[in-house]
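Biologist: Please pick one part of this model and take me through it closely, then follow the packing from there. I'd like the cut-offs as you go.

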Amino acid sequence: MGSKVIVFGSFVVDLMGRTPHLPAAGETVKGSMFKMGPGGKGFNQGVAAHKAGADVTMITKLGKDTFGDIAVNTMKDLGMDTSKLLFSEETETGCALIMVDENTSQNEIVVISGACGTITEEETSRTAGLMDSAEYLLTQLETNMSSIEQVINLAYNKGVKVILNTAPVQPVTDELLSKVWLVTPNEVEAEILTGVKVDSEEQADKAALWFFERGVKNVLITLGGRGVYINADGKKGIVPAYKVKAIDTTGAGDAFNGGLLAALSEGKDLWESAVFANALAALSVQKLGTTMSMPYREEIDAFLEENKR
């Protein structure tokens with residue numbers, strides 16, 4: 001078993017409909033399929049890390065409603081600790097309305113944060129005690145920014161390594177970045193944050209430099225099908241992705257971040273961890289859905305064995 005990790009982030013229920021084409025304004029389209037299940041970047045990443053073998057403490061905030069029950073029941077079914085979940089008396093659990101065009105796989109998504117956008121200072125401060133036994137904190141930008149800044153501060157002050165997945169992308173302060181051990185944007189998020197179009201390794205170097213100038217220790221940029229760019233400890237390069245036939249790429253970034261966290265918690269270096277995370281993401285895109293498509297450790301190990309490089 002590796003060291004303990006904390007995932008702090010969002011939970012929403014995904015409501016996904018597949019349709020022959022995405023509706024125009026005012027148009028009603030008959031869909032072919034509906035699926036409802038647990039989601040949210042934080043929750044997806046926490047489940048991915050847990051199923052990959054990490055000792056995860058999941059922190060998110062739910063409403064006291066049937067959507068909140070989905071989070072609790074999913075965690076119980078997976079054998080995850082639910083004791084650190086936060087609950088709102090007045091705000092409902094978040095949801096995401098996802099429309100997918102079954103011909104082009106294009107999607108349109110509306111996310112309503114609900115309870116996980118209302119995490120208070122008092123609630124975040126309760127995580128302080130957990131930081132003493134954790135080695136890594138993984139968070140995203142899908143809960144309210146005040147809670148993200150506070151939890152990163154608590155972790156940084158306790159010497160916990162902070163991993164920031166900059167999704168959904170929004171401005172972050174230089175002060176926040178100065179406390180980040182590893183940043184994991186995708187190429188689009190990296191461009192929005194740094195102003196550098198990441199279309200080559202040379203451009204990725206420039207984007208990485210922007211983060212380094214703000215105090216980030218290590219930079220990892222996911223490049224979709226091309227793989228992952230890493231710049232850490234004076235060593236840089238691209239770890240190629242695995243070629244698989246994707247059925248549903250929703251949650252692939254979350255699968256990657258959860259896998260990365262699990263591997264790092266076992267003492268693997270960033271490069272080995274990226275290979276492990278690529279395998280986890282490759283397996284996840286071959287199934288429909290987000291949380292439920294995250295593979296178990298034995299599947300990941302078998303995939304790595306089959307695809308030895």
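Modeller: Happy to! Let's start with valine 110, which sits in strand S8 (residues 107-114); strands (E, at least two residues) and helices (H or I, at least four) are DSSP runs numbered from the N terminus. This is a predicted model, so local features need pLDDT of at least 70 and side-chain atom pairs count only at pLDDT 80 or more, while totals for chains, interfaces and linings use all residues. Residues are numbered from 1 along each chain as its sequence is written, and side-chain values use heavy atoms, leaving out hydrogens and water.

Valine 110 has a relative accessible area of 46%, so it counts as partly exposed (between buried, under 20%, and exposed, over 50%; 1.4 Å probe, protein chains only). Together with Leu97 and Ile112, Val110 forms a nonpolar patch on the surface, with about 230 Å² of accessible area in total (Shrake-Rupley method, 1.4 Å probe, only the protein chains shown counting as cover for residues). Patch members have over 30% relative accessible area and no salt bridge, with nonpolar side chains joined within 5 Å and like charges within 9 Å; a salt bridge is a Lys or Arg side-chain nitrogen within 4 Å of an Asp or Glu carboxyl oxygen.

For contrast, look at threonine 19 in strand S2 (residues 12-19), which is buried at 5% relative accessibility. Beyond four places in sequence, threonine 19 touches Val29, Lys30, Gly31, Ser32, Val100, Asp101 and Glu102 (contact means heavy atoms within 4.5 Å). Its C-alpha atom is 7.3 Å from that of methionine 33, 14 residues away along the chain.

Another buried threonine, Thr74, has 9% relative accessibility and belongs to helix H2 (residues 66-77). Setting aside neighbours within four places, threonine 74 meets Pro38, Phe43 and Thr291.

In helix H10 (residues 297-306), Arg297, Ile300 and Phe303 are the buried residues. They span an arc of only 125° around the axis, so they lie on the same side of H10 (the arc of directions from the helix axis to the C-beta atoms). Glu298, Glu305 and Glu306 are exposed on the other side, while the buried residues pack against helix H1 (41-51) and H9.

That brings us to the largest nonpolar core, of 53 residues, where Ile230, Leu260 and Leu270 touch the most other members. Helix H9 (residues 270-284) supplies its largest share, 10 residues. A core joins buried Ala, Val, Leu, Ile, Met, Phe, Trp, Tyr and Cys residues through side-chain atoms within 4.5 Å.
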